[in-house]
Amino acid sequence: MINVKAVFCMSFNDDLYSCVTVEESRELLGFVVEDIKTVTLIKYLPKLAENYTEDTWLKLRDAVGAIQNSTSIKYNLEELYQAVENLCSYKVSPTLYKQLRQVCEDHVQAQIHQFREYPFICIKSLDNLSFLKRMNRCWQDHCRQTIMIRSIFLFLDRTYVLQNSLLPSIWDTGLELFRIHIVSDSAVQKRTVDGILEQIELERNGETVDRSLLRSLLGMLSDLQVYKDSFEEQFLIETNRLYAAEGQRLMQERDVPEYLHHVARRLEEENDRIMSYLDQSTQKPLICCVEKQLLGEHMTAILQKGLSTLLDENRVTELALLYQLFSKVKGGLPTLLQFWRDYIKSFGGEIVCTPEKDKDMVQDLLDFKDKMDNVAQNCFARNEGFINAMKEAFETFINKRPNKPAELIAKYVDSKLRAGNKEATEEELERILDKIMIIFRFIHGKDVFEAFYKKDLAKRLLVGKSASVDAEKSMLSKLKHECGAAFTSKLEGMFKDMELSKDIMIQFKQYMQNQSEPSNIELTVNILTMGYWPSYTPMEVHLPPEMVKLQEVFKLFYLGKHSGRKLQWQPTLGHAVLKAEFKEGKKEVQVSLFQTLVLLMFNEGEEFSIEEIRTATGIEEGELRRTLQSLACGKARVLNKNPRGKDVEDGDRFNFNNDFKHKLFRIKINQIQMKETVEEQVSTTERVFQDRQYQIDAAVVRIMKMRKTLSHNLLVSELYNQLKFPVKPGDLKKRIESLIDRDYMERDKETPNQYHYVA
């Protein structure tokens with residue numbers, strides 16, 4: 001609203017608006033002004049000059065033609081824009097839109113001739129690259145022209161076209177015309193797509209191509225909405241064909257590590273193509289195609305050909321790449337997991353089931369476990385499935401050979417906990433024990449381990465060969481945590497006996513000081529509770545009178561404090577320190593009790609035969625031969641053997657080696673009897689089997705007492721749930737038959753497969 005007195009005036013271009021008075025405005029526009037001071041400005045459209053529309057269109061058409069022909073425009077662009085706005089204001093928009101479309105269509109139709117055989121140049125006279133460049137130039141010109149034309153006709157585009165939703169914008173019209181008249185031509189489209197595919201194939205073969213050209217042409221196909229139908233389908237078919245042939249060829253020519261790196265490089269190249277010139281929508285089908293042809297079709301062949309080699313040689317980089325690639329392919333990881341599990345079973349089974357490798361079995365198992373852990377952690381992304389498969393595989397192969405791994409693990413622990421083991425510090429020893437416990441977990445027959453571990457622990461404690469009490473107790477704690485208090489109760493009892501023995505010996509020394517006839521032999525006794533310690537076969541030997549007398553003194557002392565107990569001496573576990581005189585001087589010799597008895601004989605005579613020594617000492621023949629061998633054939637030869645040789649034979653004679661020399665004052669002579677004999681090993685194993693029979697019997701009676709009546713299959717199933725060691729169905733059947741014979745249970749008279757508990 002504007003306040004005026006009588007006349008108002010506004011001026012516009014092309015005389016569309018003129019000066020009028022209020023009165024004239026009434027006549028012209030027919031509105032009533034009630035208040036002369038308040039008037040409303042009304043825009044009115046004077047009648048157009050004759051031929052204005054035609055003249056203006058000719059001017060606009062010339063401008064469009066100049067743009068299409070890349071010549072200079074005669075008119076000012078602002079003037080042309082205003083002309084379009086003027087025409088639109090006079091409702092000429094529909095005609096103007098149709099005229100513009102027709103002019104553009106005529107021009108685009110004319111462009112097709114440069115790509116056809118007639119009447120211009122022959123299409124075949126152009127090589128594919130020149131054809132693509134011509135097509136790209138045509139497309140770029142068309143886009144540039146459409147943008148300029150739209151800038152002139154922008155008012156039309158933003159008013160009339162915008163208000164008519166069914167009409168395409170000037171830009172979309174340009175795309176539509178190019179699609180209809182150029183790209184949709186079958187010959188042109190085929191040549192364009194074939195040319196693009198040829199350039200991509202050249203690049204895949206290692207040649208350099210014009211990526212900007214490919215990016216522009218593929219962008220054209222995408223903008224024209226023909227990318228998927230005209231290009232992508234054929235592109236994926238060609239890609240599929242190329243990589244199918246390449247996969248077959250390279251699997252024959254290359255080893256697996258080289259092939260895996262090639263696949264990774266191909267995937268990287270294809271992703272780079274997507275980033276550089278392919279449409280993003282192509283990424284998923286393209287990568288899937290490459291993965292399928294280079295990996296999916298050859299998964300089994302790759303693993304059969306190369307997984308064992310990669311794992312044997314610890315090719316960490318290639319294994320990580322293998323996992324990364326297989327994780328992309330459907331079914332890749334499950335297939336890899338199965339081969340990984342089979343490899344572990346095969347390699348581990350060879351370690352366990354080859355008796356020639358028994359000496360290094362445990363160390364080989366630890367090294368193998370470390371290696372597989374490293375692969376699982378660093379190559380297989382700590383995948384839980386692979387870690388669980390590894391555990392399952394270890395448990396399977398380590399129990400393929402019953403009992404032996406458990407025995408050897410116990411001996412390996414003994415070697416690490418024994419005094420003189422200088423291989424590791426306390427921290428390293430602790431780490432070794434932790435690793436051993438991991439292997440120990442896989443063993444089913446843990447009672448075998450317990451039997452051998454207990455026997456070796458007894459030797460370490462009794463002969464003072466334990467490297468560290470802390471390490472011993474640490475191992476005991478680990479076993480207790482793994483298997484429960486019942487498993488370690490006897491082992492803990494052994495340590496308790498050693499502590500009590502120390503207290504008893506302090507009291508015994510005080511007791512001896514009060515004796516009227518003190519002995520010149522210092523006696524140390526370990527009192528062992530029979531149920532805690534391994535069973536030792538009693539061996540009667542002929543001890544010197546001084547030793548026998550001292551034994552009786554101790555027996556009197558001990559039973560005086562603990563009436564009702566029975567003492568049984570175990571000479572096989574005894575050891576002594578002897579003082580000896582050689583030409584070189586006095587020495588102290590640390591020996592076993594059997595070695596002691598043999599050496600003391602040479603106080604009474606110069607030379608003895610093996611038979612004479614056996615008669616005098618009462619030592620069992622096999623044990624005596626080993627004892628004489630240690631004294632006369634070892635490193636510290638305090639006895640001479642005639643004739644010389646490594647083994648002790650019948651007829652050999654022995655004399656004291658007065659010329660013996662050694663740099664140390666106290667010499668420890670290897671105690672042959674401390675090394676496990678075949679008989680001891682068999683005896684330990686037999687004791688384990690006997691204990692297992694007792695456990696089976698107890699479990700059967702316990703189950704039958706609770707259930708009263710049970711079928712054979714259900715009883716066996718219950719037994720497998722309760723027993724903690726591997727057992728064969730035949731062994732269970734024998735124990736059931738034994739219990740039936742001993743009237744603990746009976747068969748059902750009508751159903752022999754049914755058992756009843758006998759109270």
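In this predicted model, helix 16 and helix 18 cross in a right-handed sense. Helix 16 spans residues 332–352, and helix 18 spans residues 384–398. Their axes lie 8 Å apart and form an angle of about 30°. Angles under 35 degrees count as roughly parallel, so helix 16 is roughly parallel to helix 18.

Both helices supply a list of residues to this contact. From helix 16 come Leu-333, Leu-336, Leu-337, Trp-340, Arg-341, Ile-344, Lys-345, Gly-348, Gly-349 and Val-352. Helix 18 contributes Gly-385, Phe-386, Ala-389, Met-390, Glu-392, Ala-393, Phe-394, Thr-396, Phe-397 and Ile-398. Sorted by class, the contact of helix 16 with helix 18 holds 13 nonpolar, 4 polar and 3 charged residues.

A second pair of helices was also examined. Helix 5 (residues 128–152) and helix 9 (residues 186–204) cross at roughly 115°. Their axes come within 9 Å. The crossing of helix 5 and helix 9 is left-handed. On the side of helix 5, the contact is made by Asn-128, Leu-129, Phe-131, Leu-132 and Met-135. On the side of helix 9, it involves Val-188, Arg-191, Thr-192, Gly-195, Ile-196, Glu-198 and Gln-199. By class, the contact of helix 5 with helix 9 has 6 nonpolar, 4 polar and 2 charged residues.

Cysteines were considered next. A disulfide is a covalent bond between the sulfur atoms of two cysteines. The structure contains 0 disulfides. For Cys-289, the closest cysteine sulfur belongs to Cys-288. The two sulfurs are 8.8 Å apart, too far for a bond, because a disulfide requires sulfur atoms within 2.5 Å. Cys-289 has a relative accessible area of 9%. The cut-off for buried is under 20%, so Cys-289 is buried. Cys-353 has a relative accessible area of 37% and is therefore partly exposed.

Strand 9 covers residues 653–656 and includes Phe-656. The relative accessibility of Phe-656 is 30%, so this residue counts as partly exposed. Phe-656 and Leu-639 are separated by 17 residues in sequence. In space, their C-alpha atoms are 4.7 Å apart. Leu-639 is also one of the contacts of Phe-656, once neighbours within four places in sequence are left aside.

How values were computed
Residues are numbered from 1 along each chain as its sequence is written. This is a predicted model: local features need pLDDT of at least 70, side-chain atom pairs count only at pLDDT 80 or more; totals for chains, interfaces and linings use all residues. Side-chain values use heavy atoms; hydrogens and water are left out. Axes are lines fitted to C-alpha atoms, for helices over the stretch in contact, and angles run from 0 to 180 degrees between N-to-C directions. Helices (H or I, at least four residues) and strands (E, at least two) are DSSP runs, numbered from the N terminus. Angles under 35 degrees count as roughly parallel, over 145 as roughly antiparallel, 65 to 115 as roughly perpendicular and the rest as oblique. A crossing is left-handed if the near helix is turned anticlockwise from the far one by less than a right angle, and right-handed if clockwise. Contact means heavy atoms within 4.5 Å. Ala, Val, Leu, Ile, Met, Phe, Trp, Tyr, Cys and Pro count as nonpolar, Asp, Glu, Lys and Arg as charged, and the others, Gly among them, as polar. Buried means under 20% relative accessible area, exposed over 50%, partly exposed in between (1.4 Å probe, protein chains only).
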